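Please examine the sequence and the structure shown here before reading on.

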Amino acid sequence: MVMTPPVREPWMDAAACARPEVDPDWWFATEAKDGHLLAMGYCNACDVQPTCLGYVLDHLDLTDGIWAGFTIRQIGKMRRKKCNQ
Ligand code: SF4
């Protein structure tokens, strides 16, 4: 699977997940928790993590994968909390 966001934005060029040495499947592996852990490690060290988090919170069409170091389930909880404020 290729990590293809709906809209390519300039900050994505600095994303740790866009580095050539990473496997995009780590962000979307549904069975491989090891992949998710690797992805989360990259996210936690990513220069654009705060921007990425804001992006995924605003894009309800993103329903899969690891974003900004969180599972999409965790993102869903954040979205609901944001809507209730
Ligand atoms: S925080 Fe994670 S998902 Fe977001 S751009 Fe960085 S590496 Fe990619």
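This is a predicted model: local features need pLDDT of at least 70, side-chain atom pairs count only at pLDDT 80 or more; totals for chains, interfaces and linings use all residues.

Glycine 65 is found in the loop between H3 and E1; helices (H or I, at least four residues) and strands (E, at least two) are DSSP runs, numbered from the N terminus. Glycine 65 counts as buried because it has 23 C-beta neighbours inside 10 Å. A residue is buried if 20 or more other C-beta atoms lie within 10 Å of its own, exposed if 12 or fewer, and partly exposed in between, with C-beta atoms placed from the backbone. Leaving aside residues up to four places away in sequence, glycine 65 touches Trp27, Phe28 and Ile72, where contact requires that the C-beta atoms of two residues, placed from the backbone, lie within 7 Å.

Residues are numbered from 1 along each chain as its sequence is written.

The loop between H3 and E1 also holds leucine 62. Leucine 62 counts as partly exposed because it has 15 C-beta neighbours inside 10 Å. Its contacts, not counting residues up to four places away in sequence, are Val56 and Trp67. The C-alpha atoms of leucine 62 and isoleucine 75, 13 residues apart along the chain, lie 9.8 Å from each other.

The next topic is the nonpolar interior. In soluble globular proteins, nonpolar side chains tend to be buried together. A nonpolar core is a set of buried Ala, Val, Leu, Ile, Met, Phe, Trp, Tyr and Cys residues joined through C-beta atoms within 7 Å. The largest such core has 14 residues, of which Cys52, Ile66, Trp67 and Ala68 touch the most other members. At least two residues of this core come from each of helix H1 (25-28), H2, H3 and strand E1 (66-67). Isoleucine 66 touches Trp27, His36, Ala39, Met40, Cys43 and Thr71, not counting residues up to four places away in sequence.

Alanine 68 lies in the loop between E1 and strand E2 (70-71). With 21 C-beta neighbours inside 10 Å, alanine 68 counts as buried. Its phi is positive, about 55°, although alanine 68 is not a glycine.

Which residues are around the ligand? They are Ala15, Ala16, Cys17, Tyr42, Cys43, Cys46, Val48, Gln49, Cys52, Trp67, Ala68 and Gly69; a residue is near a molecule or strand if its C-beta atom, placed from the backbone, lies within 6 Å of it. Helix H2 (33-44) and helix H3 (49-58) each supply at least two residues of this shell. The shell divides into ten nonpolar, two polar and no charged residues. Here Ala, Val, Leu, Ile, Met, Phe, Trp, Tyr, Cys and Pro count as nonpolar, Asp, Glu, Lys and Arg as charged, and the others, Gly among them, as polar.

Leucine 38 belongs to helix H2. Leucine 38 is partly exposed because it has 18 C-beta neighbours inside 10 Å.

Helix H4 (residues 72-83) is hardly covered, with one buried residue among its twelve.

Taken as a whole, the protein chain has four helices and two strands, which run α-α-α-β-β-α from the N terminus on. Of its 85 residues, 18% count as buried.
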